[in-house]
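Please read this briefing alongside the sequence and the structure.

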Amino acid sequence: MKGFAMLKIGETGWITKDTPECGPLDAICKPLALAPCTSDVHTVWAGAIGDRHNMILGHEAVGEVVEVGSLVKDFKVGDRVLVSAITPDWNSLAAQEGYSMHSGGMLAGWKFSNFKDGVFAEYFHVNDADGNLALLPEGMDLGAACMVSDMVPTGFHGAELADIQYGDNVAVIGIGPVGLMSVAAAAIRGAANIYAVGSRKNCADLAVEYGATDIINYREGDIVEQIMDLNCGPVDKVIIAGGDNDTFDQAIRMLKAGGKIGNVNYLGEGDYVKIPRGEWGCGMGHKQIAGGLMPGGRLRSEKLARLIVANRIHPEKLITHRFEGLESVEPALMLMKDKPKDLIKPLVVME
Ligand code: NDP
Ligand code: ZN
């Protein structure tokens, strides 16, 4: 089969590989829709997960099942399925402890385009199919469905980690596709004021549509000052879905004592994360920081899909660029790398 791969750090290309083999608990799918991710860009061009050779990229897909293992109970050939970007081993001790994303080691629930070939191919392999696939609801837009792989669950995880409660005043730092879904999640969880930080106009407009009450442009001055002014003091919760190593420092400064930070951003540089000692209460301010890879799995996909079917979230609005055919994953990924101003998320639909 043909697949679009990371050849080595900084280099991509098309390769040919054997079609993956299906173990007793697994499924083999062919893609119906695919999306590149900022994480694919970090993987190839920032060497985020170390060197990989001839590894097929991609972890965001909607698929059709073409083969199932002998022990798979709930899926059959021909089923159209939502595919979680994170596909844990559900019988692992880490999953039993509530940290499915770390089954097999820290971050090892992330298998596609990390420990095995990803989804940018004619066929891809899904481990633990009963635990990691979900049926595609009848009539669901393929763009919305594809966002259930990663953008929706990751954005929502930011809101879970920050423990958003009704009435909270919340800052969401970063409103790319992930942060935009965090805005939507904070709104659903009942946040009062949502201060969304970004600079691109289309992201800002969508943030407002998803529930942001104010847009803060980090290019136009210190975001701590801007947010504390608007909020008349520190916020209850911060979700970090963008920015750099200074972002923690800013998040701590704008957070009230006893507040919580949920980070889903990839921290790509430096050996340490900055926490301002004084504003952290010299270690006694009860300002909690949680950072996490999103949990994957079927139940989560089913529940998030329910929100789409019930018209409560509209992730298809993230899709700004549509392509057709497997070979289009290459220009779609390059678009993600170059991030033109009008881009939020590209989608590739198979012909
Ligand atoms: P984008 O690059 O599309 O969005 C990043 C956002 O951060 C933009 O709104 C950008 O603003 C904003 N930003 C950039 N620099 C700053 C700054 N200095 N201060 C404040 N805001 C800033 O990324 P995605 O939404 O695709 O992904 C967000 C992060 O989530 C990435 O790091 C990605 O790797 C990670 N991720 C994590 C996952 C997980 O499970 N934890 C899964 C998937 C992704 P603008 O562009 O408007 O100027
Ligand atoms: Zn992704």
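The points below are grouped by topic.

This is a predicted model, in which local features need pLDDT of at least 70, side-chain atom pairs count only at pLDDT 80 or more, and totals for chains, interfaces and linings use all residues. Residues are numbered from 1 along each chain as its sequence is written, chains are lettered from A and ligands numbered from 1 in the order in which they are written, and side-chain values use heavy atoms, with hydrogens and water left out.

**Aromatic pairs**

- A search of the whole structure gives 2 aromatic pairs; rings of Phe, Tyr and Trp (its six-membered ring) pair if their centres lie within 6.5 Å, and planes under 30 degrees apart count as stacked, over 60 as edge-to-face and the rest as tilted.
- Phe4 and Trp14 make a tilted pair, with 5.1 Å from centre to centre and 55° between the planes.
- This pair links distant parts of the chain, 10 residues apart: Phe4 belongs to strand β1 (residues 2–8) and Trp14 to strand β2 (residues 11–16). Helices (H or I, at least four residues) and strands (E, at least two) are DSSP runs, numbered from the N terminus.
- Phe4 is buried at 0% relative accessibility, while Trp14 is partly exposed at 30%. Buried means under 20% relative accessible area, exposed over 50%, and partly exposed in between (1.4 Å probe, protein chains only).
- Phe112 and Phe124 form an edge-to-face pair, because their planes stand at 85°, with the ring centres 5.9 Å apart.
- Phe112 lies in the loop between α2 (93–96) and β7 (124–126), and Phe124 lies in strand β7, so that the pair links distant parts of the chain, 12 residues apart.
- Phe112 and Phe124 are both buried.

**Charges over rings**

- Lys2 sits over the face of Trp14, 5.1 Å from the ring centre. The criterion is NZ of Lys or CZ of Arg within 6 Å of the ring centre and within 35 degrees of the ring normal.
- Lys337 sits over the face of Trp45, at 4.9 Å from the ring centre.

- Helix α5 is largely enclosed by the rest of the structure, because 10 of its 11 residues are buried.
- Among the buried residues of α5 are Met151, Thr154, Gly155 and Leu161.
- The axes of α5 (residues 151–161) and α10 (residues 298–309) come within 11 Å and cross at roughly 95°. Axes are lines fitted to C-alpha atoms, for helices over the stretch in contact, and angles run from 0 to 180 degrees between N-to-C directions.
- The two helices, α5 and α10, are roughly perpendicular (65 to 115 degrees; under 35 is roughly parallel, over 145 roughly antiparallel and the rest oblique).
- Val152, Pro153, Phe156, His157 and Glu160 of α5 make the contact (heavy atoms within 4.5 Å) with Arg300, Leu304 and Leu307 of α10.
- Asp163 follows α5 and has a positive phi, near 55°.

**Val72**

- Val72 is in the loop between β5 (60–68) and β6 (80–83), and is buried at 11% relative accessibility.
- The C-alpha atoms of Val72 and Leu25 are separated by 5.3 Å, although the two residues are 47 residues apart along the chain.
- Not counting residues up to four places away in sequence, Val72 touches Pro24, Leu25, Asp26, Ala129 and Asp130.

**Glu209**

- Glu209 belongs to helix α7 (residues 201–210) and is partly exposed, with a relative accessible area of 49%.
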